[in-house]
Amino acid sequence: MITIQELNKNYGKLQVLKSIQLNFLQGRSYAIMGPNGSGKTTLIKSILGLVIPNSGSIQVKGKSIHNDWKYRSHIGYMPQIGHYPDQMCIGQLFDMMKDLRNDFTNVDEDLIREFKLDQIKDKRMHTLSGGTRQKVSAALAFLFRPPILVLDEPTAGLDPMAAEALKEKIVLESTNERTFLITSHVLSDLDDLTSELVYLNEGSILFNDSIDMLKELTGEQKLSRAVASIIRNIPISMQTV
Amino acid sequence: MIKIGKYILYDMVRNRFVMAYTFFLLLVTLSMFSLDSDPGKSTISLMNIVLLVVPLVSIVFTTIHFYNSYEFMEMLLAQPVHRKTIYFAEYLSVSIALSVAFLSGVALPLCVFNFNESTLYLILIGVMLTFIFVALAFAASVATRDKARAIGIALLFWFYFAIIYDGLVLYIIYTFSDYPMEKVTLSLVSLNPIDLARIVILLKLDVSAMMGYTGAFYQNFFGSGGGIIYSLLIMIVWILLPLLIAHRKFCLKDI
Amino acid sequence: MRLVLFIGFLLLVANLMANTLEVSATSKWKTIRSAISAAAKGDTVRILPGTYREGNLVIQKSITLLGVNYPIVDGENKFELFTIAANHVSVIGIRMINTGVGSINDISAINAIESDDLRVLNNQFENTFFGIHLANSSHTRIEGNVLHSNAQAEHQIGNGIHAWKCDSIRIENNQVSGHRDGIYFEFVTNSVVQHNNSHHNMRYGLHFMFSHNDVYQYNTFKSNGAGVAVMYTKGVTMRHNQFIDNWGSSSYGLLLKDIRDSHITQNRFDKNTIAIYMEGCSRSKFESNTFHENGWAVKVQSNCDGNVFIKNNFLSNTFDMATNGTLVLNTVDANYWDKYRGYDLNKDQIGDVPFHPVNLYSMIIEKMPSSVMLWRSFLVYMLDRSEEVIPSITPEELKDNHPAMRSYPLL
């Protein structure tokens, strides 16, 4: 689904991604993990075309994303923090998004109903709580039934009920056609939702295989412990504070 | 572009700051006309306000707005939309919103109190300056990731065009005061949209007689149809130049 | 008393002896020319209504031409109308139109050469090259005439009332418009110009040089191409005149060049580009004038000295005073300045701190004319404000030590 080759990105002298080679396959769910500043967000933003890499290539569905924007119709993106124009109503936001892809009619409004967003569609964005805005972001990500879903910290800021509803939705949508890329600090979430793990550290991939393999390698049954044991195995010099 | 612009514009015109700006301009315009019985004089006083306040508000507000809508732009950029589209939608909607504020704050009362050719120019030039300084604000905003620094650059732009540049001009005129400077000052005028705006309005206000030989020279130049087209073209260049430079940077920028 | 009676008697006799010759299509005299040639000294030629096209009429005897209901004397755009070369001639109530146009000769409606005691009263002049042209003619009275021409350019037209080498003439209640100069004096002395209205002339409303000891009062000079210019003269008295709307890049309310020992008092200057421009003027007094809404109220070149500005009103002018030098040889005192921001603690209606009427930017413009491109810019505003607080470039000594707190009740 997504093929990344020799991806390099640096901000000034700071090299954020170092020769990343990745292959996200159709029908799999990937957890992208790593300490703060390891390059997770940069990697995601590179896939979305928000960050322009210095070298290397990214292909989505076999086509290079360089100088292309149409490929983004295959991607649903839920950002870590969603900010929307203050005076815009929820309803308008959804209308605008639908306007942008007016060729797409079979929208998925499950989450809108689930989060009861349709009942507050006249509320202005600046009146919403952070959690409600996250609900809006989540609903938007799923709206166009995209084959690729990129969720950046999806459950952060959501109340337990909503988080559970979102997780259910993710599980429900995890079919053979879909690819999920999820970053989270809540390891228990990832345990349930993903089958594969990409672990980044200082811009390099430390681990890229299935979670089952990870557990087997480390002999741990819980993802959190398994991850902790990867971190232990890194040489001290490579660890970031 | 129109689709996105429509929604952003809708958001902008209900922005509290834009409303306050409209109200401020309205208050200034009305008080100018109630304080001075001579409408020509009020137009001059109003011109001073317009030349100072419109660029300042345009550039500072736009810079702040750009950073406030950073996450939203990020969100939009993750959609199947061209960057160019989002950029120009943002630019147009901010410019139009501020122009609407200017038009309802200044142009509307002007049309009621004192509508003539010079006020028409004042209105036209106010809108032009709005578009120019919004474009400059975009240039300042894409230059850096840091909001505070961008506002600093924006203020510097304003300070430069409103004051520093005139100081430099005065210094140049002083240094070369023994030479005929009319053509030189004419090109110096073109290099600063605020100066150009001021001179075009002053020449329309029948005070050109006070500007001596230089004024006559300017009147000759700007009074003709060619001069008007020239000044409009220069203004448009002042819109396009920062806008397109910023556009290039925006398209290559990491959001 | 007896003498007066005797003179009165003589005049009566003279009147009784004088004949009246009537001119009209149906009278004995069909033409003015024939009547003039038939008239004797002291006779009156009475011209009845009609249009008379008789070319140039030369008057060489002391007679009166009296028009009834404005008979029209038409020069057919070819001729001078009346050439007067005698003393004690009167021209009254005639409408003179369409004189010829001359680039070498000063073709006029009335051309008086060495004519003493000429009276030109209540005539109308329409489309004349020169209206009234006086040379070497003294004790002339020109009153109640209306002169109007429609020239498009300065070189296509002569002056309205033109006087050269005259003495003791009196110009009163005339209206002059559309000529080159409304009233033009050269070597005219001891004369009075009053209650005239000179407006919309191509060049100057009033223009004189080498004309000493004349009085100009209660005149209005409005919307003339270049305002009023007076030069090379001493002992001018100008009072109660109005200088209005002389607006243009080379237009002056009153341009004074080499004027000495004169009095300019109680005049009003309204909406002129430069109300008073002075060059090489000495020892003149400017008192109780009002300057209102002018570009510059007073522009004094540095070659002026000993002039006094006292008790004038300066209201709503862009610049109150400008000068191109730093030497201060003129006095400014007790004027009212609407730009004055001082205070008056002892309530004597005199400001306690001096006022500096010359602002920085007006100095800058004088020295560097192209800096006018910065006019009304924020920078200039700030420069002027800072200069007001700490004068450094503007002449420190040029100041009004007793600025009035209230404007004077003037014209």
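Student: What makes a residue of chain C count among the buried ones, and what share of chain C do the buried residues make up?

Tutor: In this predicted model, a residue is called buried if 20 or more other C-beta atoms lie within 10 Å of its own. Of the 411 residues in chain C, 44% are buried. The C-alpha atoms of chain C fill a box of roughly 85 × 55 × 30 Å along the principal axes.

Student: Which secondary structure does chain C hold, and what share of its contacts between residues at least 6 apart in sequence join residues at least 24 apart?

Tutor: Chain C comes to four helices and 39 strands. Of the contacts between residues at least 6 apart in sequence, 47% join residues at least 24 apart.

Student: What makes strand β9 of chain A mostly covered?

Tutor: Six of the six residues of β9(A), residues 196-201, are buried. Both faces are covered: E196(A), V198(A) and L200(A) are buried on one side, and L197(A), Y199(A) and N201(A) on the other.

Student: How do you know that β9(A) pairs with β3(A) and with β10(A)?

Tutor: Pairing requires at least two bridges between two strands. Strand β3(A), residues 29-33, is joined to β9(A) by four bridges, and β10(A), residues 204-210, by six. Both counts meet the requirement, so β9(A) pairs with each of these strands. The strands β3(A) and β9(A) run parallel, whereas β9(A) and β10(A) run antiparallel.

Student: Which residues stand opposite E196(A) in these pairings?

Tutor: Y30(A) stands opposite E196(A), and in β10(A) the bridge partner of E196(A) is S210(A). The hairpin of β9(A) and β10(A) has two residues between the strands, and E202(A) takes a positive phi near 50 degrees there.

Student: Why are helices α3 and α7 of chain B called roughly antiparallel?

Tutor: Two packed helices are described by the angle between their axes and the distance between the axes. The axes of α3(B), residues 39-68, and α7(B), residues 147-175, come within 9 Å and cross at roughly 165 degrees. Angles over 145 degrees count as roughly antiparallel, so α3(B) and α7(B) are given that description. Their crossing is right-handed.

Student: Which residues make this contact, and how do they divide by type?

Tutor: From α3(B) the contributors include L52(B), P55(B), L56(B) and I59(B), and from α7(B) they include K147(B), A150(B), F157(B) and W158(B). The residues of the contact divide into 15 nonpolar, one polar and one charged.

Student: What makes residues of chain B and chain C count as being in contact, and how many do so?

Tutor: Two residues are in contact if their C-beta atoms, placed from the backbone, lie within 7 Å. On that basis 27 residues of chain B are in contact with 20 residues of chain C. Helices α3, α7, α8, α9 and α10 of chain B each supply at least two residues of this side, and α7(B) gives the most, with eight. The side of chain B that touches chain C divides into 16 nonpolar, seven polar and four charged residues.

Student: How many residues of chain A and chain B are in contact, and which element of chain A gives the most?

Tutor: Here 25 residues of chain A are in contact with 21 residues of chain B. The elements of chain A that give two or more residues to this side are β6(A) and α2(A), and α2(A) gives the most, with five. The residues on this side of chain A divide into 15 nonpolar, five polar and five charged.

Key. Residues numbered from 1 in each chain as written. Chains lettered and ligands numbered in written order. Predicted model: local features only at pLDDT ≥ 70, side-chain atom pairs only at ≥ 80, totals over all residues. Axes fitted to C-alpha atoms, helices over the stretch in contact; angles between N-to-C directions. Parallel < 35°, antiparallel > 145°, perpendicular 65-115°, else oblique. Left-handed = near helix turned anticlockwise from the far one by under 90°. Nonpolar A, V, L, I, M, F, W, Y, C, P; charged D, E, K, R; others polar. Buried ≥ 20, exposed ≤ 12 C-beta atoms within 10 Å, placed from the backbone.
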